[in-house]
Amino acid sequence: MVMNGPKVFRWVLDVELLWPTPPDGTNGLQPSAREATARWASGKESQYALSLLTPGEQAKVLRFYRPSDAKLSLASCLLKHRAIATTCEVPWSESTIGEDSNRKPCYKPSNPEGKTLEFNVSHHGTLVVLVGCSGGDVRLGVDIVRMNWDKDYATVMKEGFQSWARTYESVFSDREVQDIAHYEAPEHDDVQDTIRAKLRHFYAHWCLKEAYVKMTGEALLAPWLKDVEFRNVQVPLPTSLVVDGAPEVNLWGQTCTDVEIWAHGNRVTDVQLEIQAFRDDYMIATASSHIGAQFSSFKELDLEKDVYP
Ligand SMILES: CC(C)(COP(=O)(O)OP(=O)(O)OC[C@H]1O[C@@H](n2cnc3c(N)ncnc32)[C@H](O)[C@@H]1OP(=O)(O)O)[C@@H](O)C(=O)NCCC(=O)NCCS
């Protein structure tokens, strides 16, 4: 494949240590969920970040019960503003985040001659990713998933993997459900490793399909979810975390690009998809409506240096 198409930049921000909740000055009782977010928002760092958003965006962030969700929403807004302001060369105050008819966030410059940007965001765990591309000719989708090993393992042990796969019958085709249920994991001595490999295969499948669905913008409304099939799903492996007892510096794992997309029995050849492992339990899939798009490596952002105006 010749990679001379549009350049796609890819960013990731980890919010885990950002915007800490100020210490509790009260009687030490656990705050209610809503109070927890209000207390989080009263912190100096949170207040500064929130002040960079529009009143509507602030209200959306503060609607989340858990500070961890509010932080993801806050970071998502900041990354969208940063992407628009930088790529379209407009001041932060003019980096207006709009929505298309499917409610997919987009940017429409107020000046018809202004630069345009296609982008998409996903968040899970403590990470927010944004993929973007200058110009309006390409559609992009991104999805990040994080395996919840303890919860998922318990469910699989209780109900079996067939039952696990059938839970997702409304979004996967019959063939996909079968592929997920009967995935032959590489030989493992340990039953936990086998289940882990099967779950990783499921999550890779989900992540790829979700990135595709988000690229189209139709998302949950897509009536064709079960008619679009992903075959030959490869599972990217995480970089081994330990080398000679020392933590591995590079946390980016394998990238897989060989998945096949089939719609109504025909091979779809005009979409570029890739999935990459990150740390032990994350995977990120990127979809582009342009074959030959040049996906940059993911850049891990520093809030102060790379995001704030
Ligand atoms: C929003 C939606 C598109 C994705 O939700 P999700 O997977 O829970 O969450 P993600 O973190 O990946 O994505 C959320 C982001 O998607 C973006 N988004 C919202 N609507 C979108 C749309 N119609 N198309 C593409 N992206 C959209 C937003 O930027 C949102 O983040 P923000 O609110 O902070 O701006 C969801 O409504 C949806 O339809 N999911 C499809 C679920 C499904 O059935 N998937 C089956 C495929 S396996």
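Helices here are DSSP runs of H or I with at least four residues, and strands are E runs of at least two, both numbered from the N terminus. This is a predicted model, in which local features need pLDDT of at least 70 and side-chain atom pairs count only at pLDDT 80 or more, while totals for chains, interfaces and linings use all residues. Residues are numbered from 1 along each chain as its sequence is written, and side-chain values use heavy atoms, with hydrogens and water left out.

I start with H205. H205 sits in helix α8, residues 191-216. Is H205 buried or exposed? With a relative accessible area of 1%, H205 is buried; buried means under 20%, exposed over 50%, and partly exposed in between, using a 1.4 Å probe and protein chains only. Leaving aside neighbours within four places in sequence, H205 is in contact (heavy atoms within 4.5 Å) with F172, E176, I180, F230 and V233.

Next, helix α4. It spans residues 67-87, 21 residues in total. Of these 21 residues, 18 are buried, so α4 is largely enclosed by the rest of the structure. Just after α4, E89 takes a positive phi of about 55°.

Last, salt bridges: a side-chain nitrogen of Lys or Arg within 4 Å of a carboxyl oxygen of Asp or Glu. The structure holds twelve. One of them joins D14 and R279, at 2.8 Å from N to O. D14 lies in strand β1 and R279 in the loop between β13 and β14, so the pair ties together parts 265 residues apart in sequence. Another joins D281 and R146, at 3.4 Å between the closest N and O atoms. D281 is in the loop between β13 and β14, and R146 is in strand β6, 135 residues apart.

Technical notes. The expected span of a helix is 1.5 Å times one less than its number of residues.
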